[in-house]
Amino acid sequence: MDGIFYAKAAAFLGAAITMGFGSLGPALGQGIIGMKACENIGKYPESANKIRTTMILALIVVESSAIYCLLISGALLIFGTQIG
């Protein structure tokens, strides 16, 4: 019975760590992307539409890693509740 408890605890802890560290990188990356886009729009206001489009595409790429972490965490939670 203790082994099942430890397996569930490991699955839940793994899900928490995955979301914690998995969302840290994308959050920092999105902040830097937004900062640089605002700087460049301030310097080159005539290129605002091109900069905005490029920024949105970059944000989508960065956010995909956070979405993968969410899927992995969801799988760990689902399989963790089905143990035992």
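These are my notebook entries on a predicted model of one protein chain.

**Entry 1: overall form**

I began with the secondary structure. The protein chain has two helices and zero strands. Along the principal axes, the C-alpha atoms fill a box of roughly 65 × 15 × 10 Å. I checked the radius of gyration next. The chain has 19 Å, whereas a compact globule of 84 residues would have a value near 12 Å.

I also noted the surface. The accessible surface comes to about 6000 Å². Carbon and sulfur atoms account for 74% of that surface. Buried residues make up 13% of the 84 residues.

How far does H1 reach from its first C-alpha to its last? I found 62 Å for its 42 residues. That is close to the 62 Å expected at 1.5 Å a residue. H1 covers residues 2–43.

H2 covers residues 48–81. Its 34 residues should span 50 Å at 1.5 Å a residue.

**Entry 2: what is buried, and against what**

I listed the buried residues helix by helix. In H1 they are Ala11, Ala15, Gly22, Pro26 and Ala37. In H2 they are Ala48, Ile51, Ala66, Cys69, Ser73 and Gly80.

Which helix do the buried residues of H1 pack against? They pack against H2. The buried residues of H2, in turn, pack against H1.

Ser73 is in helix H2. Is Ser73 buried or exposed? Its relative accessible area is 4%, and buried means under 20%, so Ser73 counts as buried. I left aside its neighbours within four places in sequence. Ser73 is then in contact with Ala15, Thr18 and Met19. Ala15 is itself one of the buried residues of H1.

Met19 sits in helix H1. It is partly exposed, with a relative accessible area of 28%. With neighbours within four places again set aside, Met19 is in contact with Cys69, Leu70 and Ser73. Cys69 and Ser73 are both among the buried residues of H2.

The C-alpha atoms of Met19 and Gly74 are 9.7 Å apart in space. Along the sequence, Met19 and Gly74 are 55 residues apart.

**Entry 3: two more C-alpha pairs**

Phe79 is in helix H2. Phe79 is exposed, with a relative accessible area of 55%. I looked up its separation from Lys8. Phe79 and Lys8 are 71 residues apart along the chain, yet their C-alpha atoms are separated by 8.6 Å.

Pro45 lies in the loop between H1 and H2. Pro45 is exposed, at 52% relative accessible area. I looked up its separation from Tyr68. Pro45 and Tyr68 are 23 residues apart in sequence and 35 Å apart in space, C-alpha to C-alpha.

**Entry 4: the salt bridge**

How many salt bridges does the structure hold? I found one. Lys36 pairs with Glu39, and the closest N and O atoms are 3.8 Å apart. The cut-off is 4 Å, so this pair qualifies as a salt bridge. Side chains of opposite charge can pair when their charged atoms come close.

I checked where the two partners sit. Lys36 and Glu39 are three residues apart in helix H1, which means that about one helical turn separates them. In an α-helix, residues three or four places apart point the same way, because there are 3.6 residues a turn.

Lys36 is partly exposed, with a relative accessible area of 42%. Glu39 is also partly exposed, at 36%.

**Entry 5: a nonpolar patch**

I finished with the surface. Which residues make the nonpolar surface patch? They are Leu13, Ile17, Phe21, Leu24 and Leu28. The patch is about 550 Å².

I took Leu13 as the example. Leu13 lies in helix H1. Its relative accessible area is 53%, so Leu13 counts as exposed, the cut-off being over 50%.

How values were computed
Residues numbered from 1 in each chain as written. Predicted model: local features only at pLDDT ≥ 70, side-chain atom pairs only at ≥ 80, totals over all residues. Heavy atoms only, no water. Salt bridge = Lys/Arg side-chain N within 4 Å of Asp/Glu carboxyl O. Helix = DSSP H or I, 4+ residues; strand = E, 2+ residues; numbered from the N terminus. Buried < 20%, exposed > 50% of the residue type's maximum accessible area, 1.4 Å probe, protein only. Contact = heavy atoms within 4.5 Å. Patch = residues over 30% accessible without salt bridge, like charges linked within 9 Å, V, L, I, M, F, W, Y side chains within 5 Å. Areas by Shrake-Rupley, 256 points an atom, 1.4 Å probe, with all protein chains shown as cover. Expected span 1.5 Å × (residues − 1). Rg over C-alpha atoms; globule rule 2.2 N^0.38 Å.
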